[in-house]
Amino acid sequence: MRPHLRAGGGSRDRGRAAGRGVRPGERDLGLPGSGAMTDLLTLRGVTVGYGRHHPVLHAIDLAVGGGEVVGLVGMNGAGKSTLLKAICGGVKLREGTISYDGQDVSGLGTPELVRRGMSILAEGHRVIRPLTVEENLQIATMSLRGSAVRRRLAASRELIDELFPVLHQRRTQLAGLLSGGEQQMLSMARAIIEDPKLLLLDEPSLGLAPLVVDRIYSSLSAFRERGVSLLVVEQNSTRVADICTRMVVLRDGRITATGSPAELVGAALTSAYFG
Ligand SMILES: Nc1ncnc2c1ncn2[C@@H]1O[C@H](COP(=O)(O)OP(=O)(O)OP(=O)(O)O)[C@@H](O)[C@H]1O
């Protein structure tokens, strides 16, 4: 029989998990974690599907705390991208609710969520192809106001130059002519300027050379150090395990395991991935 780890939110949910009880057949790992954190993003009972098809996600409970880095992993077709789409309003909820920063945001679209402090790097690169690199960065600053924000912006620009010097070299080049890796770096740089509370990323390392992946992951560490909450979808758990505080495994639209990277290794991880 396959060991079944506790499904749902993270260790910080222990009280809640105890409240609703661990389901028969599930094993509560009593995971260590961030008891002091308040949840920034909470999904409760989220069920979604496409058209008239069967649900792709089944009653998902998931929480991301302030400053927490959650790695959402699982095989092809497990429903990881669909979960991000559900959060961003890209697919309609059949059941359940999503709250962010204490407010119900179920069904809100991406522009409104961005206005409320989420940055979303979903499939593909988020650059404006006919504009130069510098113009792309300038546009990201447009929603920022006030002197404190301007100071923060100066720090962000310094960080971008340090993390992605190639963008400085390419600042007059059209974004559409950048390589895939450079476009991903520019997407990350735009997110750094937006100074989000929560950053959602769908496979930020997909198809990139190892050195570029290193750069992208360095920028994720910088977000973490700034106290930004991250929800990072990756098919391969190895890379995301280096930066996340908690990993959540999705299989066939259900959460099969959650725990720190140290806890979710070996047989526990294989079983959660493949059943
Ligand atoms: N627009 C759509 N219409 C119908 N079915 C869809 C649509 N998008 C995804 N699906 C189906 O939903 C399921 C989950 O897909 P999803 O892209 O969320 O998985 P994933 O875990 O992100 O996979 P991958 O790692 O391959 O990107 C799959 O069976 C897929 O075929």
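Visitor: What share of the 275 residues of the protein chain counts as buried?

Guide: A residue is buried if 20 or more other C-beta atoms, placed from the backbone, lie within 10 Å of its own, exposed if 12 or fewer do, and partly exposed in between; here 41% of the 275 residues count as buried. This is a predicted model, in which local features need pLDDT of at least 70 and side-chain atom pairs count only at pLDDT 80 or more, while totals for chains, interfaces and linings use all residues. Residues are numbered from 1 along each chain as its sequence is written.

Visitor: How many helices and strands does the protein chain have?

Guide: Helices (H or I, at least four residues) and strands (E, at least two) are DSSP runs, numbered from the N terminus, and the protein chain has 10 helices and 12 strands.

Visitor: Which residues of H8 are buried, and which exposed residues lie on the face turned away from them?

Guide: Ile 216, Ser 219, Leu 220 and Phe 223 are the buried residues of H8. They cover an arc of only 105 degrees around the axis (taken from the directions from the helix axis to the C-beta atoms), which puts them on the same side of H8. The face turned away from that buried side carries the exposed residues Pro 210, Leu 211 and Glu 225, and just after H8, Gly 227 takes a positive phi of about 85 degrees.

Visitor: Which residues are around the ligand?

Guide: A residue is near a molecule if its C-beta atom, placed from the backbone, lies within 6 Å of it; the residues around the ligand include Tyr 50, Val 56, Lys 80, Thr 82 and Gln 235.
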